[in-house]
Structure formats: C-alpha cells, structure tokens
Amino acid sequence: MIVNETLKTIKQRRSIRSFKDEQIREEELQAVLEAGLYAPNAGDQSWHFTVVQNRELLDRLNLAAKEVAKQMEMEHLRKLGKNEKFNCLYGAPTLIMVSGNEHAPVPLEADCAAATQNLLLAAESIGLGSCWIFFVLLAFYSSEGSELRKQLKIPEGYRPYCSAVLGYKKATVVNVPDRRKPNLITYIR
Ligand SMILES: Cc1cc2nc3c(=O)[nH]c(=O)nc-3n(C[C@H](O)[C@H](O)[C@H](O)COP(=O)(O)O)c2cc1C
C-alpha cells in the first residue's frame, strides 16, 4: 500500500469538537486559508472566505443558529437547539465561512465544499483541530440574519454555503482512525 504525508493526513483527519481557548497563530491561519484558495473550482474562484475570530460574534452566531434549530422539524436539530450546553462551534476560537457568488454561471456549492475540505486537510497537516459546521449557517435564517451578514461583511450577492471551525485540539482529544464502511466502491474494468 502506498503511504505518503498527504495520504496520512487524509486518513488521520477526524472532526474535532473540543478546543483550547487559545487563538491559532496567524501563520497557521494563513496556511489554511491559502490551501482553501487552491481548491478546484468550476466558478472561477467566485467564492469568499470570512474569518471570524471575535468571541462575541462567535457566541451570537451560535445563539442565533440555535434559535432557528429550535423551530426545525428534524428532531435532533430541535434537541440541539434546546440544549443549553450545546455550542455548535464547540468553543473553537476561529470560524471560516465559505460563501459563493449566487450569480455565478455555475452552482457554487461544490466549489465551496472543495475549498472547505482543503481547509480541513491543511489544518490537520499542521496539527490543528477542525470540524466542518453546517449548523451555524442556520443563524442566517434567524431574525438577526441580515444584521449578522452585515457584521460579517459577506459580499452582496454571496451566500454562505459551508463553514469550518479551527483551533488547537484539547490535549485529551486523539484522532482515532475512523472505520470506513465497506462495499462503497464498484470497479468496472
Ligand atoms: C456538509 C457537512 C456538514 C457538517 N456539519 C456538521 C455540523 O454542523 N456539526 C458537526 O459537529 N459536524 C458536522 N459535520 C462533520 C461530520 O459530522 C463528520 O465529518 C462525519 O461524522 C465524519 O467524521 P470525521 O469528520 O471525523 O471523519 C459536517 C460534515 C459535512 C461534510
């Protein structure tokens, strides 16, 4: 079996949901962002990255997202919304939102997802913890949604499709290699 650093990073990465308070270093943030910008894209880089490192805003996003979750049909989301202890950003000090231009000639969800995967892999490769976060995007459907968009300076015409949190993993967290389901590949040769 071929093993190299890239393949090791891909297999080692696990979603991390417990972070130290300490902010990540600027050069770590820049390395992760640059990896995001190098992702494949069909929309000619019609994306925008929003880095949120302001604790007050992170808390507001969490609370606004939970308010929306409380009203949702999916029971597990409703439960999370009502759970006072649940923080959808897991206390991470950095959130990166990836938005796409809604007027681009191609749908940008896939571009934003590819960029987000690059963020996660880059984070793992330099020892940071990360987690893809859908939940926080619910905040934009709250009564505060448009005010939050303004504060986050999301460019006009852009829609946040994906997001990820980053931070230093708590010492107790280990990346347990996840078992992947079998029989997910068909070969036609
Ligand atoms: C589109 C997408 C949305 C996700 N949203 C969340 C989320 O809101 N909260 C969360 O804790 N994990 C979220 N995850 C992480 C998944 O739960 C996780 O990737 C999956 O359980 C596999 O575990 P692993 O990342 O450790 O391999 C999301 C993943 C994807 C791809």
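Strands E3 (residues 129–132) and E4 run antiparallel and are joined by four bridges. In this pairing, Ser130 stands opposite Leu166 in E4. The model is a predicted one, and the pairings described here are read from its coordinates.

E4 also pairs with strand E2 (residues 94–101), again in antiparallel fashion, through eight bridges. Here Thr94 stands opposite Leu166 in E4. Strand E4 itself covers residues 158–167 and is mostly covered, with nine of its 10 residues buried. In a regular strand, side chains alternate between the two faces of the sheet.

**Cysteines**

Which cysteine sulfur is closest to that of Cys112? The sulfur of Cys162 is, at 5.5 Å. Because a disulfide requires the two sulfur atoms to lie within 2.5 Å, this distance is too far for a bond. By the distance rule, the count of disulfides comes to zero. A disulfide is a covalent bond between the sulfur atoms of two cysteines.

**Ligand surroundings**

The ligand is surrounded by Arg13, Arg14, Ser15, Arg17, Tyr90, Cys131, Trp132, Ile133, Phe134, Phe135 and Arg180. By class, this shell holds six nonpolar residues, one polar residue and four charged residues.

| Residue | Distance from a polar side-chain atom to a ligand oxygen atom |
|---|---|
| Arg14 | 2.8 Å |
| Ser15 | 2.6 Å |
| Tyr90 | 2.5 Å |

How much of the accessible area that the ligand has on its own does the protein cover? The protein covers 61% of that area, which is 630 Å².

Technical notes:
Residues numbered from 1 in each chain as written. Predicted model: local features only at pLDDT ≥ 70, side-chain atom pairs only at ≥ 80, totals over all residues. Heavy atoms only, no water. Near = heavy atom within 4 Å. Polar contact = N/O pair within 3.5 Å; in protein donor to acceptor, adjacent residues only side chain to side chain. Areas by Shrake-Rupley, 256 points an atom, 1.4 Å probe, with all protein chains shown as cover. Nonpolar A, V, L, I, M, F, W, Y, C, P; charged D, E, K, R; others polar. Buried < 20%, exposed > 50% of the residue type's maximum accessible area, 1.4 Å probe, protein only. Helix = DSSP H or I, 4+ residues; strand = E, 2+ residues; numbered from the N terminus. Pairing = 2+ DSSP bridges.
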